[in-house]
Amino acid sequence: MRDKIFYFICFGFIFGVLLRSFMAIDIYFTILTMLIACALFLFFFFISKNNWSIIISIFLLAFSVGVIRFTTADVLPPLVFEELVGREVSLVGEVVEAPEFREDNQRLTIQVEEGDEQVKILVTANFDQEFKYGDEVSLAGALKKPENFITDQGKIFDYINYLKKDGILYLINYAEMEVVSEGNGNKIKHILFSIKDKFLEKINFVIPTPENLLLGGLILGERSAFSDELRQDFVDTGTIHIVALSGYNVTIVAEWIMRGLKFLSINIAFWAGILGIFLFVIMSGGQSTAVRAGTMAVLALLARVTGRGYDVARGLVLVGAIMIAFNPFVLVYDVSFQLSFIATVAVIFFAPRIEKYFLWIPKRFGLRDIAAVTTAAYIFVLPFILYKMGNLSLVALPANMLILPFIPPIMLLGFLTGFFGIIWYALSVPVGFFASILLGYQLRVVDTLANIPFAALTVPDFPFWLVIIIYAYFVYRLFGRSMKEFFTEKTIEPS
């Protein structure tokens, strides 16, 4: 009974957020539904004693809370800023995230206050000035609102809500900017971003381009400075996940760290994997996407080590609900969150079921586990990638098989390169040399496979209904027996 209540609360809340993400629901109707659900719960709990009626009333209550949570977050843009759209403005604000460097510009998230209202503005700037987290800046330029656009794969990219999930409502392109003061903002984030910048500086000093860009993506999620050609090669080979802040790469990388140390005790290997996740989150500057991905990865590792996937599933659902409660926009508009959740489910539940098909691969260096987990994650995320991005890589599996086994040693060498570089440059040179060799190998694999004819196909109109059918089938195959027991028994028995 407790399990049923737990799952119905979590999924009721998530479904409420999901439905409200796609359609407007009258807040007064929602409050009325919540009051009716409370009344039904009290009636069935104290008078009727009907368990399923109690559970359904709890589901309706949680559903209403989910709708209200999204509604409270989905506020209208401040009128004072709406009246400035399309005009030249002069504002003062604070840089609230680490600058994001692109090939030809830098992007800054700046929080601006005007009267009692405050908003976040995404500002692009040239490289003629250096900005840091916590800088107070004056900026001048044309205030604009973001617009959706068509990707190279023919998909409509919801750029408006992609920025809105981070609280960004406006843009200023190539603003004129000056630093007014430094050292503002959260002190802990200052420290984390300083560590990240110092590591990148030492890595870039030892390892040449483009190998240093790949290493920055692997250990810090830094892929913004990639050239368009290099980024497209990673997309075409289905390996872009290794340089993105999503659970797709963090889960797999942590798994490989653990499996690579399998010759040690299981506890040491497990804590090494946890340490790898922790370092990734720290070195990324503690960004929310990295924290979400790291949390998912920890749950996946815990399930793999203990073999108690269905117990960890409760933690996965709870963590997902908490993340959505904290920021309801991530459920529909944050691809990183979605990939994290899907890949974690694949690693926990699907990978153990397909390991028997990889008995022909030797266990040495964890190659069999690498093959199983990589295949499981790729199969699970493929329908989502086809729908969201429209890119079908025909070389993704061999590319991942050739690259992923080298991720743990590269990450280790990368961390040592940055760490030794901070202490003494000469110490970092030999470590960076070996890291460069492995990074060069990975880049050659990506370049070779990306240039194979028909390495990737564009699927611009992969239907949403087909995605639903595919994932419904996945859910049925993985959880069909457990769901039957869930709805027919008083308690859930692990299958």
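**Close-up 1. Helices α16 and α18 packed against each other in the predicted model.** Here α16 (residues 396-403) sits alongside α18 (residues 425-450), with the two axes 10 Å apart and at an angle of about 170 degrees. Anything over 145 degrees counts as roughly antiparallel, so that is what we call α16 relative to α18.

**Close-up 2. The residues where α16 meets α18.** On the α16 side, look for Pro-398, Ala-399, Leu-402 and Ile-403. Their partners in α18 are Tyr-441, Gln-442, Val-445, Val-446 and Leu-449. Sort the residues of this contact by type and you get eight nonpolar, one polar and no charged.

**Close-up 3. Asn-105 in its loop.** This residue belongs to the loop that links β2 (100-101) to β3 (106-114). Is Asn-105 buried or exposed? Its relative accessibility is 6%, and since buried means under 20%, Asn-105 counts as buried.

**Close-up 4. The neighbours of Asn-105.** Leaving aside residues up to four places away in sequence, Asn-105 touches Glu-100, Ala-125, Phe-127 and Tyr-174. With Tyr-174 there's also a polar contact, side chain to side chain, at 3.1 Å.

Close-up 5. Take the contacts between residues at least 6 apart in sequence: 75% of them join residues at least 24 apart. As for the surface, the protein exposes about 24400 Å², with 65% of that coming from carbon and sulfur atoms.

How values were computed: Residues are numbered from 1 along each chain as its sequence is written. This is a predicted model: local features need pLDDT of at least 70, side-chain atom pairs count only at pLDDT 80 or more; totals for chains, interfaces and linings use all residues. Side-chain values use heavy atoms; hydrogens and water are left out. Helices (H or I, at least four residues) and strands (E, at least two) are DSSP runs, numbered from the N terminus. Buried means under 20% relative accessible area, exposed over 50%, partly exposed in between (1.4 Å probe, protein chains only). A polar contact is a pair of N or O atoms within 3.5 Å; within protein, one must be able to donate a hydrogen and the other to accept it, and residues adjacent in sequence count only if both atoms are side-chain atoms. Contact means heavy atoms within 4.5 Å. Accessible areas come from the Shrake-Rupley method with a 1.4 Å probe; for residues, only the protein chains shown count as cover. Axes are lines fitted to C-alpha atoms, for helices over the stretch in contact, and angles run from 0 to 180 degrees between N-to-C directions. Angles under 35 degrees count as roughly parallel, over 145 as roughly antiparallel, 65 to 115 as roughly perpendicular and the rest as oblique. Ala, Val, Leu, Ile, Met, Phe, Trp, Tyr, Cys and Pro count as nonpolar, Asp, Glu, Lys and Arg as charged, and the others, Gly among them, as polar.
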